[in-house]
Amino acid sequence: MATSPPRSPNSGDPPQAGNLAVALGAVPARGWSSLVARLPPLADSLLLAAVAGLLRRLYVGRKRRRRRPALPLPIYDDAGSSARIAGQMPKAFAILEDIVQHTMSNLHTIQKSLPYWKSRAEGSNSHKMYFMVFERGPRAFVEATCQTLTRLRSNESPSKYLLDSASDMVSTKLAVLTSMQHCLAVFLAEVYSEVDNRREGLTESSDKSLHTLFVILNTVFSKLEASIRNATEGQTLLFTHDGNSSQLIFERLPEVDVESPQWTEALSTDAIAMVYQNLQKLDSFVFSQLSRHKKPRSMTIYWLPYTCGAIGLSACSLWLLRHSSLMGSSDLDNWIQDAKESVVGFWDEHVERPVISIRDELFETFKRTDKRVMEKEEVQLTEETLHRMLVAFCEQTKFKPPQDASSQELLEIVTRRYEMESAHPIWNLFGGELAVAMLIQVQKLKLDLQEAMLELDQILKANEINFAILAALPAFGLSLLLLIVVRAWAMHDQGAEGRGRIARHQRWQLLIEVEERLEEFKECMTKEMEEEALCKYGLTLYTLDRLYKAVELHAKKTTEWSSVRQKMFKLAKPNVGVSDKLDVLQGLKWNYACLRPYLS
């Protein structure tokens, strides 16, 4: 982006550059803005210009993080794009990008605070009282407590006082932020409209484009100055700028014709310096308002939980110190040793041994298969022995079974003989075949037991990997939980630019917000509310800028980026009808995968 050139010499002799540079280095960050506005203009001090630009970037740039420009200006047609690629971009383009970037950044900062105060305004009475007492910092907590005790002593209602104070505070902050948002949105819409109306002059030679730019900026800055003045006079935007109640007055840029002899390189350089001086005044004004009306920091909102956590941590530290070796106690060492043994035991039982078991199950299958074959042969041997015993028993009892009789048929013969013999058990035990029949029954029982053990062994071996995985589930669960926590921490600040379902839903919400802004703009135009329509158009541009930035990286990974960019560029053009823009928006909502709320 363009840097701020030296200022024009309008009054007085400049002081020495070296002494003033030293003085500038000693200026604190909060006083830099007011000092820049009061500096006498300098002509030939390049060293001072460099020091001033450096300090401006160091101090003013720290106030808030700048958002890179995303949404293209309406002057980037084919000619503008070719000039940009060739590296011959006019200075006017860079200055306009700076102005749009600053305005978008200020609108983004305001937008981050507005939902917070709206939620406080719409909250219940208990939420408002909690906010007044516990969410404004420890000093406000002490003041609210003292006010409550004072009113209790005087038999007054402290809740009514807290609710009235909360309503006044929130309504004031909402009024200030809404007025600032309105002024900046109208200013942004005016910039886009004027740029679109004078695009031919901006795409000409460098000097002619600068002359056209100065005319545009005089128009838009004067309108912004008037809108802020009107808001101040209406007591909607009461502000204190640089410590004193004053009006925001912008420097008027020279509108000298390029063909006139008064147009010189020094004149254009001084005019560019005044542009950045006006921009610096606007940034300083917005920052002074946001410093008093923006959303409180997280440390301020959650100071009470943080304080309780700090107290608890301190108490825990003292308790640990009392049980440590520094105080002559071995409790802490014993606890550490027990914890170490528990961790080692958990690792061995739920991680190492299950993983080794899974590895053995996967890579030593054939070795266990050979062992199963040996077990089956043993069962087969027992079965053959039983068959021979059955044949011998049948031959001994003079039963003639068929030659191809199975073991089951022979067993039925033995069973019938066993029933006959068991009628006279004592006699047949010594003189009959009862003892042999009983031995055959024992052999059959042995065969059944071996077959059952073989089947059970096969079931256990088939599910061994499942048992190992079941033993490792606690470790897998902890690893998954850790992964989710790390992923949530890594994706915390990406918002709509990130990946996943939540980011896609946020991009879809931005599309819906653009559609709502266009509908509001159409309604304002129908009711001939010109200024309100400009505000809605400026807010539409801001939302489009957020959407453009959110979808850019995702669309570039596919072939959709060129088409998406052209359609967003069409949505931002002032000379395109609202109905056409709504049709384009419908195409964006359903025809591009990067903007859908779900994966198709």
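Mentor: What follows is an account of the aromatic contacts, with two pairs taken in detail. The model is predicted. A search of the whole structure finds 12 aromatic pairs. One of them joins tryptophan 117 and phenylalanine 131: the ring centres are 5.9 Å apart and the planes stand at 85 degrees, over the 60 degrees that the label needs, so the pair is edge-to-face. Tryptophan 117 belongs to helix H5 (residues 91–122) and phenylalanine 131 to helix H6 (residues 125–134), so this pair ties together parts that are 14 residues apart in sequence. Tryptophan 117 has 2% relative accessibility and therefore counts as buried. Phenylalanine 131 is also buried, its relative accessible area being 2%.

The second pair is tyrosine 130 with phenylalanine 134. Here the centres lie 5.0 Å apart and the planes make an angle of 40 degrees, so the pair is tilted. Both residues are in helix H6, four residues apart, which is about one turn of the helix. Tyrosine 130, at 39% relative accessibility, counts as partly exposed. Phenylalanine 134 also counts as partly exposed, at 25%.

A contact of another kind involves a charged residue: arginine 151 lies over the face of tyrosine 161, at 3.8 Å from the ring centre.

Conventions
Residues numbered from 1 in each chain as written. Predicted model: local features only at pLDDT ≥ 70, side-chain atom pairs only at ≥ 80, totals over all residues. Heavy atoms only, no water. Phe/Tyr/Trp six-rings, centres within 6.5 Å; stacked < 30°, edge-to-face > 60°. Helix = DSSP H or I, 4+ residues; strand = E, 2+ residues; numbered from the N terminus. Buried < 20%, exposed > 50% of the residue type's maximum accessible area, 1.4 Å probe, protein only. Lys NZ or Arg CZ within 6 Å of the ring centre and 35° of its normal.
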